Amino acid sequence: MNAPVPVSLLVNGEPIDAFVLPRLNLADFLRENLKLTGTHIGCEHGVCGACTVRIDGEIVRSCLVLTVQAQGASVETIEGLSDSGEIADLQAAFRERNALQCGYCTPGMLITAQDLLKHVSVPDRRAIREHLSGNYCRCTGYQAIVDAVEATAMTRAERGA
Amino acid sequence: MTVTRAPADALSVLDRPNSYIGKTVPRPNLDRLLQGRGQYVSDLELPRMAHVVFLRSPHAHAKIAAIDADAARRMPGVVSIVTGRELEAVITPWVGVLSHLKGLKSAPQHAIAVDRVCWQGEAVAAIVATSRAAAEDAMEHISVDYEELEAVTDMRAALDPAALVIHAALGDNLAFERTLDAGDVDHALSGSELVEADFVFGRHTGVTLESRAVVADWNAAEARLTIYQGTQAPHMVQNIAALHLGLREAQVRVVCKDVGGSFGIKVHIYADEMATYALSKLLRRPVKFVADRVESFNTDIHARDHRCRGRIGVRPDGTITAFEIDDLTGIGPYSMYPRTSAIEANQVVNLVGGPYATANYRARARVVFQNKNVMCQYRAVGHPIACSVTEGLVDLAAAKIGMDPVEIRRRNLIADDAYPCASPSGMKFEQLSHHASLTKLLQMMDYDALRAEQAALRARNVHRGIGIASFIEVTNPSAAFYGVGGAKISSQDGVAVRLDAQGSVICQTSITEQGQGSESLTAQIVGSVLGVSMERVRVILGDTDHTPYGGGTWASRGAGIGGEAALQAAKALRQNILNVAAAILQSTPAELDIVDNGIVNAADGAPRIELNELARIVYFRPDTLPPGIQPELMATRHFVPRQYPFAFTNGVQASWLEVDTETGFVKLLKHWVVEDCGTIINPQLVDEQIRGGVVQGLGAALFEKCIYDERGQLTNANMADYLVPMSGEMPDIEVGHVVSPTQESELGAKGAGEAGTAGAAAAVANAVNDALRPLDATITEIPLTPQVILSALGRI
């Protein structure tokens with residue numbers, strides 16, 4: 001149980017082969033092994049949302065996932081979503097609206113917001129607040145984040161119309 | 001926006017063409033954080049870096065009889081296991097007192113406990129290993145023999161003569177007491193209606209999303225310690241680390257890059273951080289400490305935890321005749337270092353009754369030791385206590401005489417034309433705007449319409465309430481806060497500005513950034529004064545090797561103090577640039593101006609020479625300059641307020657909410673704030689400071705509480721049980737402004753960081769009581785949990 005085991009997965013599209021201890025959680029693997037430090041650790045018990053990543057397209061808390069559970073999966077982090085340009089408009093809206101202060105919750109917040117926008121084209125403010133309600137931000141009071149997500153939804157809807 | 005008076009120089013450097021002052025511009029360099037490319041201390045790795053974890057006491061109070069770490073030392077990856085006794089050889093203990101807080105006492109505190117632990121969570125041994133996991137594995141193999149001692153937990157019982165004295169040498173558990181008696185309270189109260197209440201405030205804590213983190217790197221070959229730490233006050237850390245490690249300050253460099261939230265949590269010196277510095281020196285290699293979430297709850301400073309008896313006198317015509325308070329607070333076993341744990345109670349005494357005109361005020365505040373985690377300054381130090389007590393009493397007085405809460409405030413708030421004036425507690429007010437702020441607030445919220453809606457809904461058994469809270473806010477602290485008490489905490493800040501060889505500007509400032517926008521406001525001011533676009537201004541902060549000496553960012557001082565230093569430095573550089581330009585152009589400085597990165601004619605704006613061309617000549621072809629000209633394209637200025645110890649600001653908040661009398665749940669519907677922070681440099685950043693602050697106050701009002709049992713065990717030290725505000729429960733917050741610039745500086749800016757937190761809980765508590773008034777229930781306790789509300793309604 002304490003010996004490293006092999007694991008193979010895709011991280012931001014890049015094939016990764018590694019030997020990891022079975023107890024190593026995905027957040028630590030991303031940060032310590034792959035140096036993808038944009039995935040932040042806030043509570044290490046699945047409450048704060050700072051470590052949110054996507055596994056096979058679904059958002060998960062990487063502190064609650066063992067690395068070995070990601071065997072064969074496709075993991076996407078804030079670095080990948082940034083480089084692909086998928087959330088460039090959402091990031092721009094956050095910047096314009098100052099929807100971040102210290103920035104520590106921001107990667108998880110962006111990934112969670114993008115998840116909502118993928119499923120609901122123009123969510124109302126209540127729906128945005130509900131969807132983000134598992135992501136803790138101590139700085140902003142949330143309103144600016146809700147504004148930025150709402151503005152992005154509107155812009156995307158106009159563009160898609 | 002309402003401007004109560006113009007700045008002294010109506011055509012100052014701030015009003016130049018293309019000025020960034022007063023404009024919403026995005027903060028520079030946000031993409032780094034948006035793309036997950038920030039550099040937080042928890043991200044940092046250095047060659048040969050080891051990780052430390054701390055074995056922490058499970059007991060609130062116990063003697064350490066023996067520590068057996070032999071088995072742990074044999075565990076894989078262990079570098080060293082160090083006890084308090086062993087670490088004493090490297091780092092000296094400290095006592096958290098300040099001489100201006102007369103009578104304040106505390107006991108020597110060690111980086112790691114020696115012989116005795118005084119709260120659950122105090123470190124008893126450090127385990128250093130090649131990884132954090134290896135250190136945690138080894139920690140499980142350390143056995144400690146404790147002899148449990150009686151724990152003093154209840155702050156009222158701590159003063160009982162029969163109570164165990166936590167530090168025998170101090171004689172009792174009273175750390176600090178302050179009394180004040182201004183005017184003639186007894187006479188004033190004798191002819192008045194009296195209202196009394198006990199106000200109870202839960203202990204809560206900052207819950208920064210990035211926990212406290214430090215990497216200490218002692219380079220034995222350089223005899224120099226580099227400390228990477230998410231701190232608000234790098235020069236303070238430098239001073240303290242040097243002092244207790246036996247180094248000169250020049251041997252300590254403190255580097256502070258991105259910080260994952262601070263709110264006052266990261267402005268103190270913690271024992272485990274001191275231990276990490278010392279361990280690096282002892283082990284001659286970099287050592288990293290990152291608190292986990294349970295450790296954060298057990299060791300980050302807690303705050304509030306006050307019980308305050310308040311009395312107010314009121315006449316039938318609504319005149320408030322006097323305030324009287326008796327405040328009690330428990331601060332844990334030690335006064336924190338170096339800012340002390342007496343400041344909050346002291347602030348409560350300073351601030352109660354502050355917005356009101358009555359001259360009669362009596363106060364007593366007592367600060368006691370107890371076997372719980374340490375308490376100290378957290379965002380809006382003392383303000384929420386003072387505001388909740390004051391505004392709670394004012395509303396109770398209004399109810400007693402049957403007057404509208406707005407009307408009683410109109411009759412008693414200090415008149416806007418009464419300034420400068422002083423409060424009964426001796427606070428000096430330069431210019432406040434309580435009435436203008438209240439008027440604006442009532443317009444924003446459409447007070448009369450809300451009252452009508454409330455009445456209509458009451459008929460349908462829906463219980464909604466309106467709560468109003470006026471407040472004053474301490475910002476721009478001078479040396480009066482800490483320096484006069486002997487603390488080496490600078491109240492001045494410095495900014496150095498220089499023109500580089502391509503006409504861009506590099507600006508080094510001693511204020512720090514934790515997301516408030518320090519970098520932005522500095523760039524906005526420097527760019528505006530110099531006539532240089534913001535994209536060409538690069539701001540460097542958070543490094544004691546590379547910034548001027550200064551206090552940092554805390555107590556809402558960054559914009560007011562650091563901003564003024566930036567303004568003055570940029571003015572000096574501007575003059576130097578114009579002098580050189582005049583020499584090059586055979587003109588005079590008065591005939592020239594700098595606009596859009598180039599020198600122009602002041603009279604007609606005609607372009608003369610680009611700044612990059614001027615810089616090229618100065619740096620590479622000085623031989624072409626007239627004889628005797630030595631350009632100085634770098635200027636440094638410092639600033640500290642001298643006339644007023646603090647720049648008081650003011651504001652008013654309102655809450656509109658609904659109480660479910662069946663479940664006890666409170667639903668926040670809307671929140672309004674009007675705030676007067678003087679000159680506004682960036683409206684968006686000010687509004688977001690206020691909104692974030694309000695939500696911190698709303699957390700305190702409704703959710704947040706560190707729950708200890710009678711043995712001093714913190715029972716909810718995790719984020720599932722300690723509730724913080726999340727987006728789903730928070731309302732939209734509307735922010736308005738009145739502008740009364742301070743005349744102490746050319747910039748005129750006061751602070752805005754405490755305002756939201758200062759008044760939010762008071763507004764909510766008043767709104768809940770307003771909602772419950774027909775049900776004959778009054779609550780003066782926060783957090784207003786369903787249990788508290790249902791108990792007050794007699795339902796449980």
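This is a predicted model: local features need pLDDT of at least 70, side-chain atom pairs count only at pLDDT 80 or more; totals for chains, interfaces and linings use all residues.
H14(B) is largely enclosed by the rest of the structure, because 13 of its 13 residues are buried. Buried here means that 20 or more other C-beta atoms lie within 10 Å of a residue's own.

What about its length? H14 of chain B covers residues 518–530, and at 1.5 Å a residue those 13 residues should span 18 Å.

Now zoom out to the domains.

| Domain of chain B | Residues |
|---|---|
| domain 1 | 2–38 + 492–639 |
| domain 2 | 41–149 + 211–259 + 265–299 |
| domain 3 | 382–474 + 646–792 |

Taken over C-alpha atoms, the centres of domain 1 and domain 3 of chain B are 38 Å apart. Their contact takes 27 residues from domain 1 and 30 residues from domain 3. On the domain 1 side, the elements giving two or more residues are strand E1 (2–3), our friend H14, and helix H15 (558–585) of chain B. H15(B) gives the most, with 5 residues. Sorted by class, that side has 11 nonpolar, 12 polar and 4 charged residues.

Finally, the two chains touch. Chain A puts 40 residues into the contact and chain B puts in 43 residues. Helices H2 (78–84) and H6 (143–160) of chain A are among the elements that give two or more residues to chain A's side. Which helix gives the largest share of that side? That would be H3(A), with 4 residues. By class, chain A's side has 18 nonpolar, 15 polar and 7 charged residues.

How values were computed
Residues are numbered from 1 along each chain as its sequence is written. Chains are lettered from A and ligands numbered from 1 in the order in which they are written. The expected span of a helix is 1.5 Å times one less than its number of residues. A residue is buried if 20 or more other C-beta atoms lie within 10 Å of its own, exposed if 12 or fewer, and partly exposed in between; C-beta atoms are placed from the backbone. Two residues are in contact if their C-beta atoms, placed from the backbone, lie within 7 Å. Ala, Val, Leu, Ile, Met, Phe, Trp, Tyr, Cys and Pro count as nonpolar, Asp, Glu, Lys and Arg as charged, and the others, Gly among them, as polar. Domain bounds come from an automatic or database domain assignment.
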